Each structure stands twice: as structure tokens, then as C-alpha cells.
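Thanks, everyone, for making the time this morning. I would like to take you through two parts of one model, a ligand site and then a chain contact, so please bring it up on your screens.

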Amino acid sequence: MPADMILQLKGLKKHYPILGGVLRKQINTVKALDGIDLDIYRGECLGLVGESGCGKTTTGKAVIRLHDPSEGSIFYYGKEHGAGRGVDITGLGRRALKKLGIRGKLQMVFQDPTTSLNPRMLIKNIIAEPIRAQNGLGARQMEKRVAELLYMVGLTKDHLLRYPHEFSGGQRQRIAVARAIATDPDFIVLDEPTSALDVSVQAQILNLLKSLQDSLQLTYLFVTHHLLVVKYVSNRTAVMYLGKIVELAPTADLFASPFHPYTHALLSGIPIPDVDHKPHRIVLAGDVPSPMNPPSGCRFHTRCPFAQEVCRRQEPVAAEAAPGRLVACHRWQDVPRLVRERFGK
Amino acid sequence: MPKLIETRDLVTNFYTYEGVVKALNKVGLVIERGTTFGLVGESGCGKSVTARSMMRVVQEPGRIEGGQVLFYPGEDGQEAVELLSQSEAYMQSLRGDQISMIFQEPNAALNPIMTIGDQVAESFLFHRKKEMCAKVLEDLKTADLPWPGLKKLLEFFYRRAAADPGDRLCCWASRTPILKRWQQRLFREARRRSVEIIAALDIANADQVVDRYPHNLSGGMKQRILIAMALACEPLLLIADEATSNLDVTIQAQILDLLRKLKKKSISSILLITHDLGVVAETCDRVGVMYAGSVCEVARVGELFRNPLHPYTRALLDAVPKFSVSGQLKSVEGNVPNLVDPPSGCRFHPRCPLRRKICAQRLPELALAGPDHLVACHLAGGRSGSAQVWGGR
Amino acid sequence: MADRHPRLKELKFTLYRIFRNPSALIGFCLLLMFGIIAVAAPYIAPPKYPRSPYVMPHKGFSPTPRPPSRQNLMGTTSGQYDIFYGVVWGTRTAFKIGFVVVGIAALVGITLGLVAGYFGSLADEIIMRAVDVAFAVPLLVLTMAIIVAFGRGLENVMFALALVEWRVYVRVMRSGILALRDMDYVQAAKVMGVSHVRIMLRHLLPNGIYPVLVIATMDIGSMVITAAFMSFLGLGAPKGYADWGQMVALARNYIIGPPGDPLKYWYTIAFPGLCIILFVLAWNLIGDALRDAFDPKIRRG
Ligand SMILES: Nc1ncnc2c1ncn2[C@@H]1O[C@H](COP(=O)(O)OP(=O)(O)O)[C@@H](O)[C@H]1O
Ligand SMILES: Nc1ncnc2c1ncn2[C@@H]1O[C@H](COP(=O)(O)OP(=O)(O)O)[C@@H](O)[C@H]1O
Ligand code: SF4
Ligand code: SF4
Ligand SMILES: [Mg+2]
Ligand SMILES: [Mg+2]
């Protein structure tokens, strides 16, 4: 086990019951996560991409213990616990997390800053709240700390006594970031932090996040559906499809030579803001199947251009395609050739 | 290429509690026949308001306060109709018939308690009734009916309806029990056309999809149904306002692919509104860039991406993550201005790295800075001038 | 500091939205009038028995009402009680009924609704079943039971009303909280380790209370009507108590005058009746305006 691991997910599952009928009986389950194994290393930015509904947010929320997973476990390797000594935080309640000092170490920035900031609280109180919840400071110190946090995210003291609606989207996201770093965390889940923002503001926030990562030695789980953003910020990237990770690789490798057919399709589907870049395009047929009844075998087989009989029957296990690269596909060795033949790359 | 629709100095304001939101600041655009025109800009810059002003469907508390919208219905693009001075009835006949609109949020546009087929058929019945009645009349000639009187009766109704879709007698008959069944053949025809057009949009088992309700369909599917409804009457202009922005990459790829194919098949023009420069680069012929209610730059797509002249366009292009380039993204300092109290002169000047004194004083006009390349910037008077300022790219 | 405090600005904006509505203005004027009357009651109609000002003074016991005169500005009702005095002091009674009943009911209802909505599962199940039971109890039966058990009196009527009204507040509050519970800012507060009580008080209550405020406002009026109805049935305030409902009850035999002159005793009904109507109207108008002002769709930003 590498000493610099910070979080480890083992066989994580999250099934939401669907209630129905007059008696509110369980009629089905949404398999939002269906066995996620993921190691997150200290100081890295791990990208998590996939289409909406594939379970990215659920993963992020599970990691920071916003909900209880149905199965599997999460280990946290905090600095204070000694190198390589993990704490199983899967079953820990709110109080236990606080007592172990873990609650403040795992934070999250949400997708939409309009809904993640309480509209009836002043910025001052929004940013002070996590500090108050963790240890509390004297009024004077608190004021100083809040001002310092605001400064770190590029806002000024003048903004303290305002309500969220008086800010633009980008500024609101800065406030959300300030709140997330208020408790001096180790690890932050960034759940689509720029999806609700405009391009010019997106670049500001991405740059801010990058510089904060350097100065505060943060580890990020960067959740997004925007592949070019992931390419810009993350060191490693995991691709999710219907509650499973189908490919995991260093970002540069993933973009240069993807193995999984789904990754191929995703990459080729990105509209590239560059007229000289004429991509070959793999247009997938059909929609993402419902996570209530995921397809048998390989979940991607209903849309995969290279599906074979074995794909329908047997679920592929993640194989180490190259050092540090995992791919879950029966035919990953053939895929680059198949793509070349079929779509001419 | 002949013109199809044009706006001149369009000004639209919103009267809100905070003050007057000056949403459009003399917007001038030309959309030509058979082209895909992309309108890009950050949210709140007035893209939707521009489109809505063109169709005169600006929401409360907005008002169109100045300028012209010229529509060229003829093939040659000579005769113009000024839409802002037309009656509401004229606009209604235009909307959905010659100009169709699809929006970002498909749920708002689909009726949740009607089947997909009925909704698509409705748009045929609304706009193509006359033509369909004529078709049914044609079919009736060869039809076998149980007794000749019925055939006579049906022919009577369809002949009247084909002559005038709003015929009083037919309308009355449509509301009378038993008699109203004369329309059945018309409905069947509308349904046939619906299935046909849905199938044409790469939707598998179209004949089953028509019997479903909107909540049974995915977002991408709904968006396709809306496109089907918009295309039902072969509009001259299709306005797609962020039609793919809520969709996933793979689904967006499908829809864009579809739009491109449709473009090739029918000659209709598309006004594609989006904030995604990637979508623009891949689908559009010409592009207009908007910032804070003004149009900054209009050019052919290749020209715009290779040789952007307006500082805002350049900033925008530098700020998006790209496929090939890596390294630091250049962000634009500052925020989009509040349009209640917009900056004087060039609205971009508080954030512009190249601003001069004149920028805060005078509004730059959209002017030719190269072949088919319009720029609204004081520093882009001519190609050579701008090249000096920015150097080659 | 140059600019005003943001909370003031916010308040000003809310007031602007409320008073943009003319009906709110009318409502507030009416309410202001009632408020002044209630506060100044001892000066407008000095009590005869300062220890128990709510007992209406009466000269004589004749059951036939007397029309307005110099001594009795609005005439006297059956039993020679002074209508003017009753109307003035009845205003205090009306406010008392409205505020006490709605205050208790809303406090209980909001608390339970918050708990049920936020915690869900077992707490929700228990509270909502209790609400269902409360909904099954008819108001009249409950009031009568309480009167029988504790004796006649305005306090007991108010108690009965509060016992019935809280159920509405639980439902409204709970449904609001259910919508807010999964909002990102609540989730964010959880990630920060904020305690449950604080989440409920700082995040859920301030955002979810508006629908409750609207119905509470309207309820103040309707509680007064219901209490008047109880008094009319003889379940409420005792005879001679300065309460509009009770005064209407006193005049029940004189609603229609003798044959040939049906409007002879109009003043016995008109003054207290008008007060009830205006009082209810005032609260309803304000409630309506609040509903529009708090409409989330027109909340800016
Ligand atoms: N609270 C919930 N109850 C039921 N289903 C849920 C809940 N949250 C998420 N889901 C389902 O789980 C799946 C994954 O959701 P999510 O993690 O939010 O996806 P993503 O963030 O990748 O878009 C979706 O199909 C969603 O419908
Ligand atoms: N209904 C409305 N009420 C008030 N202001 C509006 C309304 N609709 C649009 N605006 C204003 O008009 C401007 C342009 O909006 P819009 O055209 O919707 O932007 P976008 O480019 O994102 O489509 C915005 O600044 C917005 O504040
Ligand atoms: S396992 Fe089969 S169906 Fe799945 S991605 Fe690989 S080739 Fe396609
Ligand atoms: S006109 Fe001036 S401020 Fe505006 S874009 Fe050009 S240089 Fe910048
Ligand atoms: Mg998500
Ligand atoms: Mg828009």
C-alpha cells in the first residue's frame, strides 16, 4: 500500500430504493454506484468524468460521508493518524467524525453556487459557519480569519456584509470555495464547480482552484462531465458509466490513447473550440440505459459498437492495461485497432 | 447568399425593480438563407433576448424600444417585411410556420398529458391543414367506403376545408357529435406524417414512440421531438436556443449530427444560440459574438477562430480549455457588468486589456475589418491597424 | 459605514414588494385602525370596573335594544349592554384570540413540521400520524368536550382552537422542509459538521417559514370568526364579555325586527358584525399580499 494514499474506496455500492404503490413498498432500486474501487493519492487531482446520472455526485458524496453507502468501505489515511494507517470511516456517524477531527478535513464544493449558499445568510456568516462548527474562534479572530479566506479566493472585506444574490455566479463560487477551505481540509470534492459558470469565469475559478491546491497542499476529486476541463486540471482521470468505473488512467495517457470504447466515444463527442481540429466522430446510438435495470454483462454493450456475445453475458473485470492504467472491457486490446478500422483515425 | 432575416439597431429593455435592464444595445445581425448562424456569448449577454425580440416574444417586463427586424420571405432576399410594425396576427402566422424555435428546456415546451404523436400531429394540423385536406381528398377518390353517400359527404367537407382551413361549416361539424368524425382521415394523415418525421430524426421505432408521453422519454429524445415539431412545417429559419446545452456529450453529438444532416437536406437556415464555442466551431457557418448586450464581432467561423479581432473574442478563445493546447488558461479579469448600469462607450472597456481613452466615451460601431468580418472595436478600424496592435496570431 | 446595513436593505425590498400591492395597503390601514383602537381602548371607552375592563357596563336589564343616543353612541343591545364599549374592547379580545391561538398553533406546528421534515423516517411517521388523527377530530366536538371538561370561557375556546389548528402548520411546514432538505446549502452545512439544531434554525427555518407566515396571517382573521361562531353557539365568552361574537350572540333574537320594520334593531348586529368582517378582511388582504411578495418565482437573484 503506497504511503501517500489519502482515501481508498473498496467495492463501494449505493442503491437507492424506489418506493411505489399505495403502500410505499420498494418496487425497485437505482443502482447509483455498483462497486467502485478507487485509490486517491495525496496531492493529486483525480478527475471523475461521465454522463449525467452515472453516479459521479453519488461517489463524491459517499467519499466525504454525506450519505451511507449500501456496501463497501472507505478508508481515510490522515496525516495525523500516521503514515499508512487508515481509518475506516464508512460507518462513522457525525459525532465520531467530528471527534476524530475528520469532518473538517473532507470538504466539498457543489455544482451550483446559487443553491449551495443559503440565500438568507450574510457572506460573513456563511464562511464563518464551518469554523464555528469545528472549533470556534473568538469574534476578533473569526473576523480576521474570514477576511483572510475571502482574500485567498480573490474577494475583499467589502463583500462581508452582503447576501449571496448580490454576487455574480463566479463570485458566488469563490465564496463556496472559501467556505470549503475554511476548516483547513486535506481533501475536497469539487462537484462540477464550473458547470454553472461562463467560460471566462470558468477559467478564473479553475486557475484559483489550481493555485489553492498548490498553496494549501490539497487533494481534489474533480467531478465533471466536461472532458476538456478535466484535461486541464487533473493528473489522473476515471471514466464512469452507469455506476462503474470503466477506465482509469493518467490524464495525458487517457486523452492520447484511450482503451475503452466508451472513452473513445466521449472524447470524440466533445465539441472542440478549434476549427482546425476536425475530429473523427463516433456517434453512439441510443441513450444511457436506466440505472434501475442496467444491462447484463458489460453495461455498455447496448451502445458499444464493438459488442460481442461475451459482452452480453459476462461482466468485464478491471484489467491493468499498462502501469497505472485500468480498463474494464473484454476487448480492450483490440479497441484501438477496431476504432481505426471502423472510424478511421 | 440572399438575406433571410436582419436586425438593425435593436434595443430591448427590461423594466425591473432594480432599474431598467438595458439588455440589447443596438444589435445588428444578418442571417443569410441556407446558413447556420451561431450566436455565442456568456450567459446574460442577450442572446435569448435577441432571438425573442426577432420573433417578438420578449417576456415581461421587457419591451422592444427601437430598431428594426427585417424579414425577407422571398427567395431572392429583396423584399423586406419590417416585423416590429406588423400586426400580432401576422406574427402568429409567422411563428412556428416560417420561423420555429426550440429551447434549452424541453419539458417547458411539451405538454405532459398529451402523447408525443398528438403533439407533433397538432403542429401539422395547425400549420398544414389545408395541404393535408387536399391530400385526403386525393386519397378519397380511390377509397372504398361502405356507402356512396358517406363518400360524398366526406368529399364535401374535405373540399371545403381544403379551400379554406378555417371554414365555418367544417368547424361547426367538428364540434358536433357523430358529424365530427369526418376529421378522422385528417387525423390519420397527421399521424402518418408525425411518424414519418420522427423516424427521419434517427429515432428507432417511431410508431411506438408516438404513443408515449413526454415523461417516458429521455432529455435527448425530447429535444429531438421538439426538433421534429419545429420542422413539421418546414420553416425558413430554425432558432435553437441552447438546445443542446443540457444534454450529455454523447447525446449532444447525436443532436448536432442530426442538425447538420437536416441542414444538408433542407435548405432552411439555423440560428444556433449557445455559450459553447466548441459547438459553434463544429456546426456553424457564420458566428456572431455578443457581450453585455452588444454584438462585438461577426465573421465566418474559420476566420473568427483563426483571426479573432475583438479583444473579447480573443479573451474568450483563450479562456476555453482546448484539446491540443495545455498550460495555463488565460482568464478575463472582472465580471460581466450589470446591465442596469452598463459601462459607458464600449461595454467591454472595464475588462479590456487594450482599452484607450476613447473606449469609455464612444460606442464602437460594427465595421468591416476584413472580408466578411465585422468588428465593433475602436482599435480594429482596418485589418492592418489591428494587426499592428495584436501582432500575428 | 456609508451604505446601510444589508438586512435593512433586504427589509426595505420586502416592504416594497408587499406594499406594491394596493390590497396590502388597505389591509394595513384597517389593521392600523384596529390596533389604535385596541391600544387606546381605556381612553376611548373608559371602563366602569377598571379591574375587569372586559365586562361590558349595562344600565338596566331590559331585553329590548335601544337605538344610538348621546350616552350610547352605537345604542345598546339586549340586556342594555353598551355596544360602543363592547366594540372597542372587543378589538382587544379579537387580537388576543388571533395572536394567542395562532401563536400557539404555529409554534407547535412549525416545530413539529421542522422535526418531521428534517429527520424523516420514524419521527416523521409518528408526527404525521398524529396530524392525521388531529385532522379526524371535528372542531365542534372537540370544543364541546373541552367546555364540558373545563367549563365555559374564552380561554377554553382558544385552547380548543389551538389544539385543532396546529395540524395545518405541521403539514405546510413539513412540505416546505422536504423541498429544502436536499438543497445544496443544507448538504454543505452537513459536510461542515453543523449540528442538527443549527441546520434547522439557521438554514431550514428562515427559508421555509414563508408559506407558514402567509397562512398564519390569514388564520388570525379566521380564528376570530371561528371564535365568534363558538360564542354564537354559547360555547365561548360568557354573557356580557366584550367580544364581538358574544355581542352578535346577544342580539340573536333581534336580528330581524318586528313585522313591518325588519331593520329596527340594525345596530345590534351591524357594528359588531362589521368589525368582525373588517378584521378578517384586513388579515386576509395582508396574507394575500404576503403570498405574492414571498412567491419564490419573483424573488430576484
Ligand atoms: N436521493 C436519491 N434517490 C434516488 N435516486 C437517486 C438519488 N440521488 C441520485 N439518484 C440516482 O442515482 C444516479 C446517479 O446520480 P448522480 O450521482 O447524481 O449522477 P451524476 O452526478 O453523475 O450526474 C442517478 O440515476 C440518480 O437518478
Ligand atoms: N424576464 C426578464 N426580466 C428581467 N431581465 C431580463 C429578463 N430576461 C432577460 N433579462 C435580462 O436581459 C439580459 C439578457 O438575457 P438573455 O438574453 O436571457 O441572456 P442569454 O445570453 O444568456 O440568453 C440579462 O442581463 C437579463 O438580466
Ligand atoms: S466489454 Fe464489450 S461491450 Fe463492453 S465496452 Fe468492451 S467491447 Fe464494448
Ligand atoms: S473598443 Fe476599446 S475597450 Fe472596447 S474592445 Fe475595443 S479596445 Fe477594448
Ligand atoms: Mg452530478
Ligand atoms: Mg439564454
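This is a predicted model: local features need pLDDT of at least 70, side-chain atom pairs count only at pLDDT 80 or more; totals for chains, interfaces and linings use all residues.

I start with the backbone around ligand 2, where a backbone N or O atom of K47(B) lies 2.8 Å from an oxygen atom of the ligand. A polar backbone atom of V49(B) is likewise 2.8 Å from an oxygen atom of ligand 2, and for C45(B) the distance from a backbone N or O atom to a ligand oxygen is 3.3 Å. On its own, ligand 2 has 560 Å² of accessible area, and the protein covers 71% of that. Sorted by class, the shell holds seven nonpolar, five polar and three charged residues.

Turning now to chains A and C, the contact takes 31 residues from chain A and 27 residues from chain C, and the area buried between them is about 2700 Å², with carbon and sulfur atoms giving 54% of it. There is one salt bridge between these two chains: R198(C) pairs with E129(A), and their closest N and O atoms are 3.8 Å apart. We also count 14 residue pairs in polar contact, both partners being at pLDDT 80 or more. On the side of chain A that touches chain C, the largest share, six residues, comes from α4(A), and by class that side has 13 nonpolar, seven polar and eleven charged residues.

Note on methods
Residues are numbered from 1 along each chain as its sequence is written. Chains are lettered from A and ligands numbered from 1 in the order in which they are written. Side-chain values use heavy atoms; hydrogens and water are left out. A polar contact is a pair of N or O atoms within 3.5 Å; within protein, one must be able to donate a hydrogen and the other to accept it, and residues adjacent in sequence count only if both atoms are side-chain atoms. Accessible areas come from the Shrake-Rupley method with a 1.4 Å probe; for residues, only the protein chains shown count as cover. Ala, Val, Leu, Ile, Met, Phe, Trp, Tyr, Cys and Pro count as nonpolar, Asp, Glu, Lys and Arg as charged, and the others, Gly among them, as polar. Contact means heavy atoms within 4.5 Å. Buried area is the accessible area (1.4 Å probe) that two parts lose on being put together, summed over both. A salt bridge is a side-chain nitrogen of Lys or Arg within 4 Å of a carboxyl oxygen of Asp or Glu. Helices (H or I, at least four residues) and strands (E, at least two) are DSSP runs, numbered from the N terminus.
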